[in-house]
Structures are given as C-alpha cells and as structure tokens.
Amino acid sequence: MKKLLFIIPPYFNADDYLNKSRAAVLPAFTMPYGILSMESYLSARCRSTIDMQLLDLNITLQKLVDQRFEGEYAAVFAEEIRTRLRGFSAQFVGVSALFNSSNRYIQDIVKVCKDFDPAIITLAGGGLPSAAYKLMLESCPALDAICKGEGELPLRDLLDADDPWEIIRKHKSWIARDELAANKVPQHTFLENLDDIPPFDFKSINLDHYNNRSIDKQHSWRPKREMAIHTSRGCPFLCVFCSNPSLHGRDVRTMSIERVVADVRRMKEEFGMTVLLLEDDHFFNDKDRAKQILRELAALEIRVEFPNGVAVYAIDDEVAELFAKAGVSAVALAVESGSDHVLNNIIRKPLKKRLIRPAVEALRKFNVRSHVFIVIGLPGEQDEHRAETMQMLLDCGFDWVHVYLAMPIFGSRLYDICVEKGYIDPAALDELIETYEKKIGPHNGAQVVAKAWADPGFRQWLLEDGTAAIGSLGFGGRSGNHLVALENTPAVHNMVVCTLCSCYPWAVLGLPPLWYKSAPYRSRAVADPRGVLREFGVALPKSTEIQVWDSTAELRYLVVPMRPAGTEGWSEDKLADLVTRDSMIGTGLARRPEELP
Ligand code: B12
Ligand code: SF4
C-alpha cells in the first residue's frame, strides 16, 4: 500500500483576510476538481493499492476568517499538516498549486512535511509549478520534484514504480533539481480519453465546503448543492493573458456525451446536486456536442452555470433557447474588450465586436441574463481602446460587468511578453514592495499623529493644512498631494472609506489593507458605520457622532485618533508606538499604554 497526501495551499493571501481584516470576505472557491480527478484515476488505474487523503487549506483559511482569527495563521496551517501526517503516515505529499498566489505557501508546506519525516517525497503540480518549475525548485529546498501539466498518468507511473526516484529522473513530465541542472525540460503527458477517469466518489471532500461559487445571485436565497464538471480539457486559442493552454494544451479532449449525462444525473440523484457548474475551458469548441449536452441537461431540471465565461460567437437564438431550457438563468460572456484592435491584435481572440450585442439580445429574448468579463491594462492598449470598450458596455445592455486588470501570470503569453520587454524585472518589483511595506507605511502616519499630540502648534497646522504639515515631515508625493487631517474627539469619531474604489493616503499609510478595498466595507461603512466599527472591536458611546469621509483620487484623509490617557510627558517616538494603521483610518482606536508589548 502506498500513501499519498494531497495538500492544497490557500488560493488567497491570508494576510488580506486575517488579523483585523474584519470586513473581509474570502472569495468563493469550488471543489478541487483536479485532485478528485487524480484520486479517481489513481484508485482505479494503479497496479498498487493507493491510499489517498486530501488536506485543503482553503477550508482552514475559511474557518479562520469566519472566526475572525488573530494570530499566526502559518502556525495553524503547519499544525494542521503535522496532525494529518501523524494520522496518515504518507510516503508522498503532492502539493497542488493552481495560482501564482499559492507560491507564498509552498515553501513552508513542503518544509513542514520534510521536517516531520525526511523520507516523505514532496511533489508539486498544477498551473504554477508547471510553468514556473525552475523558480520553484530553486526557491523551495524541501521540494523534491514537480510534475508538468496533468498529473493522472505521471503520478500513476510514479506510484507504481519500485523506485520512484528513477521515474522522477526518467519520466518526461517529472523534473527534480539534478535534472534541472542538466537542462531537462519537462513535457506534458495528456490524458487523451477523459472517459478513462472513473466517476468521482467525492469521499475526500465535504461538499458543504464547496457550495458558494454560483454567480447568479437572484437564486441565492434558495437552498442549493453546487457541483462542478469539466466535460472537456484544453483550448485551441492563445489569449494573451491566459495560462490555460500551457497547462491543458491546445488540443481539446472531451468526455463522451453519454458519460457527461450519466455523471450529472448521478450528481443529482446521489448527492442532491441542484446547480451544475460547467467549468470547461472552451465548452463550445464543438458546438454540436455542446448543444447536445444542453439538450440532455434540460431533462434533468437543474440549474446550470458557466463560471468561466462562454464564447460570445457561439451564441445565437438556438443556443440561447437551449440555455434557457437547460436551466441557465445567467451567462458570463468572455468578451474581454470592446475594441477589435485589442481583441484581435493584442489578446488574439477570435471575436469581433459586432457579434457582442446580438448575443446579448438573443440571451435576453429567452430571459437569460448576461455578465461580461472585461480585461484592461494590456501592453499596447490605449485610452481610445478603453473608451471603445466603455461605449460597447453602454451599448450592449449587459446585466453586470466585471472588470479585471491584466495580470502577467506564469504560463501566459503576457508573462513572456512582459519579461521580453523588460516590464517585469523581479528586482524592481521587490524594491517597490519593500518600499511600500518598509519605507512607506503606517509608521509615517504614526509619526505625524504623535507630533500632533505632542506639539500643539503642529496640531493646529495639521488640521488647517494637512498637506503642508505632513509635507514638512518629508511625506508626500504620490497620493499624498492633497491630505486632510481629521481629529477625533469625545464628540466626533471620524472614519474613512473610498466608496468608489480604494483611494487611500499611501504616503502616510502605505498599501491599503484588502478589506479597505472590499465591497462589503465600502458599502457598509456608509450604511452602518457603527455596526462596522463594532466588528472591528470599537464600541463608541451613543453620544459620539460618527462622521464618514469618502476619499477620492484628489482628496485623501488621515484620522488623528484621540490621545490615550496616561501618556503625559511621553516622547514622540514612544507616542508613535500607540498609533495603529486602523486608528488612522478610523476603524480602530489608538492603543492604550498597557496594550504595548
Ligand atoms: C475553478 C477555478 C478557480 C477557482 C479556484 C479553484 C477551485 N477549485 O475552487 C476560483 C474561482 C477561486 C478561481 C479564481 C481565480 N482564477 Co481560476 N480557475 C479555475 C479553473 C476554471 C478550474 C480549475 C480546475 O479544476 N481545473 C481542472 C483540473 C482537471 O485541472 P487542474 O486543477 O489544473 O489539475 C490538473 C493539473 O494541473 C495537475 N495537478 C494539479 N495539482 C497537482 C498536484 C500534483 C502533486 C500533481 C502531480 C499534479 C497536479 O493534475 C490535475 C489533473 O489533471 C481554472 C481553469 C482550468 N481549466 O484549469 C482556472 C485558472 C486556474 N484560474 C485562473 C485565474 C486567472 C483565476 C483568477 C485570477 C481569476 C480572477 N481574475 O479573479 C482567480 C485567482 C484566484 C487568486 N488566487 O487570486 C487561471 C490561472 C491562474 C494563475 N496561474 O495564477 C486559470 C488557469 C484560468 C485561465 N484561463 O487562465 N479559479
Ligand atoms: S481565455 Fe479562454 S478562450 Fe482564451 S485561451 Fe484561455 S481558455 Fe482559451
């Protein structure tokens, strides 16, 4: 018997959601389809008996966020891994990393495993390691090997081998440090027939943990059971920002229609599924097949969603009607831009702007609402292209618009273009982050507040002309040009928000916390400031009026919290230790002397 523990690092940066990020809501995620697929395939197709378990640290992170956990989350993750290893004695640990953002956790995860038992072979797979194998092997000393691309076949070969190290050395999809040094370039081993993967038993997950991704919120009041399916893998296109073809390839491989229908029926009958998430990369690659699947789904009386967006050019009246009959009440459309130049020459997407409006109209005819995904900020894109996109959005009548900033993710053409053109210089990025984290940060604001507490003349100046007073301490420049200081008193408590986006006084507070940018904070700070403050642990007397200030790109606010009692005669440096970031946003109070470490 061989034992393999899969670990999924959190998809998101825990710092953005924990430790005082009380208004933060963790984004929704769905069942870990890749792991379920590998478990199912390996159980059935390995010669050896394989015992597998899954530890999804997203569930741990979700629990910590729900508990408003404050403390060392890394220690919680580490302990969770150790506990699992104590009970399971895995010989192999396979870390599954879909996102660039997973990188920050992998090093620690594999180290915890190696420290627990140096004999454990630590493996990684998924989009990030597949594309960034060199960087990851170099930066994670406790990581033994990486699998390029889909893991079903390479893992089967590894687990069946008497000597796994020999497979790691020789198999075209595995790469370890020695072979990296010998310039080995790992290759994909695609699973050609998706019907070879047996139906999942879903035993390694609790479906209740993955029930929050559906996009059509008009149904959110109804009890539901979401489940996902990928009826195909791969996409023939090469949209500039997408890493998918480099992971699942450009040849589209499919499940048979009978198999799709049987799996969906089973999900409904055995697991009570009511919402099916169709997660294919390009569901309409074979339009006839797609239409047939929709026809079959219509008989099942479930809701169907396409969270990844569907190809606009595939939508006509017939497809819109099939959507409606199959229980699709809203569709996300992968439009990306309203400029033909951007679509065809920059993104390289086979879509023409003139097709967008008819698609939306066809959907509306059958009462199917439309979301649209837009990407801005691609190299080469100009203001005029964004203006075209804006006009297209106004003209086409979508129900919702989601706008994303282009991100050069590993494995995408955009990443390569950015490196080639010198837009990504890792050293420069490090310096920028270091500057905002260490040189510019809330300690600047704390210095301003401490001086205002200690020096009445400076306080007066600060309240009359914040920009000049703050500038006199050397803080200003970007986003610091128009700063207004707001003084808290027993009668008035000031609190700052940016209802439009995330305007923030960078020069004195550094980078904004994620909760400051989140929709719940931006709306609730205005609608229910007292309630939001309570969630931040601030209970103010009823007699204190709360004033909420809305930042803009031109005008940013710094709250001067009330000076705590018992600090008479303190130096400015000592006073500055009492001033927290949140107290200068107005979501916290200054620390009391007894709270200092
Ligand atoms: C579901 C999904 C999500 C979910 C998260 C995953 C989940 N389970 O909930 C959510 C909704 C949270 C999400 C969010 C985002 N996503 Co997403 N997402 C997907 C999607 C559609 C499906 C993943 C999946 O199940 N694939 C199917 C299975 C079979 O493949 P797989 O997971 O890759 O696993 C296989 C191999 O990778 C490998 N493998 C995986 N793990 C391991 C481990 C070992 C040990 C081995 C040997 C092999 C191995 O074997 C598996 C079986 O073949 C993919 C697209 C895709 N088709 O993969 C995009 C994708 C992963 N997402 C992407 C993007 C861009 C995003 C967002 C940035 C979107 C946005 N603009 O907000 C955010 C980023 C989140 C963040 N961290 O900031 C990109 C890549 C991102 C990246 N490299 O950073 C992808 C590839 C889509 C694309 N078109 O580019 N996403
Ligand atoms: S964005 Fe969609 S259509 Fe474009 S390459 Fe990626 S999966 Fe294919």
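Trainee: Which helices and strands each supply at least two residues of the shell around ligand 1?
Mentor: This model is predicted, so read it as such. Sort the shell by element. Helix H1, strand S3 (92–96), strand S4 (121–125), helix H5 (127–131), helix H7 and helix H10 (244–248) each give at least two residues to the shell around ligand 1.

Trainee: Which element gives the largest share of that shell around ligand 1?
Mentor: H1 does, with four residues.

Trainee: Which residues come nearest to ligand 1?
Mentor: The shell has 39 residues, and the nearest are Gly34, Gly94, Ser96, Gly125 and Gly151.

Trainee: How do the residues around ligand 1 divide by class?
Mentor: There are 19 nonpolar, 16 polar and four charged residues in the shell.

Trainee: Now ligand 2. Which residues are around it?
Mentor: Go along the chain. Cys235, Phe237, Leu238, Cys239, Cys242, Asn244 and Pro245 are among them. Asp281, His282 and Ala334 are also around ligand 2.

Trainee: What classes make up the shell around ligand 2?
Mentor: Seven of its residues are nonpolar, two are polar and one is charged.

Trainee: On to helix packing. At what angle do H1 and H7 pack?
Mentor: Take the angle together with the axis distance. H1 (residues 33–45) and H7 (residues 152–160) pack at about 45°, and their axes are 10 Å apart. That angle makes H1 oblique to H7. Their crossing is right-handed.

Trainee: Which residues of H1 and H7 meet?
Mentor: From H1, look at Ser37, Met38, Tyr41, Leu42 and Arg45. They meet Glu152, Leu155, Arg156 and Leu159 in H7. By class, this contact of H1 with H7 has five nonpolar, one polar and three charged residues.

Trainee: What about H19 and H20: how far apart are their axes?
Mentor: The axes are 5 Å apart. Helix H19 (residues 442–454) and helix H20 (residues 456–464) pack at an angle of about 125°. That makes H19 oblique to H20.

Trainee: Which residues of H19 and H20 meet?
Mentor: Val448, Lys451 and Ala452 in H19 meet Phe458, Arg459 and Leu462 in H20. Four residues of this contact are nonpolar, no residue is polar and two are charged.

Trainee: How many bridges join S10 to S11?
Mentor: Three bridges join strand S10 (residues 275–278) to S11, and the two run parallel.

Trainee: How many bridges join S12 to S13, and which residue is the partner of Val331?
Mentor: Six bridges join S12 to strand S13 (residues 369–376), and these strands run parallel. Val331 has Ser370 as its bridge partner in S13.

Note on methods. Residues numbered from 1 in each chain as written. Chains lettered and ligands numbered in written order. Predicted model: local features only at pLDDT ≥ 70, side-chain atom pairs only at ≥ 80, totals over all residues. Near = placed C-beta within 6 Å. Nonpolar A, V, L, I, M, F, W, Y, C, P; charged D, E, K, R; others polar. Axes fitted to C-alpha atoms, helices over the stretch in contact; angles between N-to-C directions. Parallel < 35°, antiparallel > 145°, perpendicular 65-115°, else oblique. Left-handed = near helix turned anticlockwise from the far one by under 90°. Contact = placed C-beta atoms within 7 Å. Pairing = 2+ DSSP bridges.
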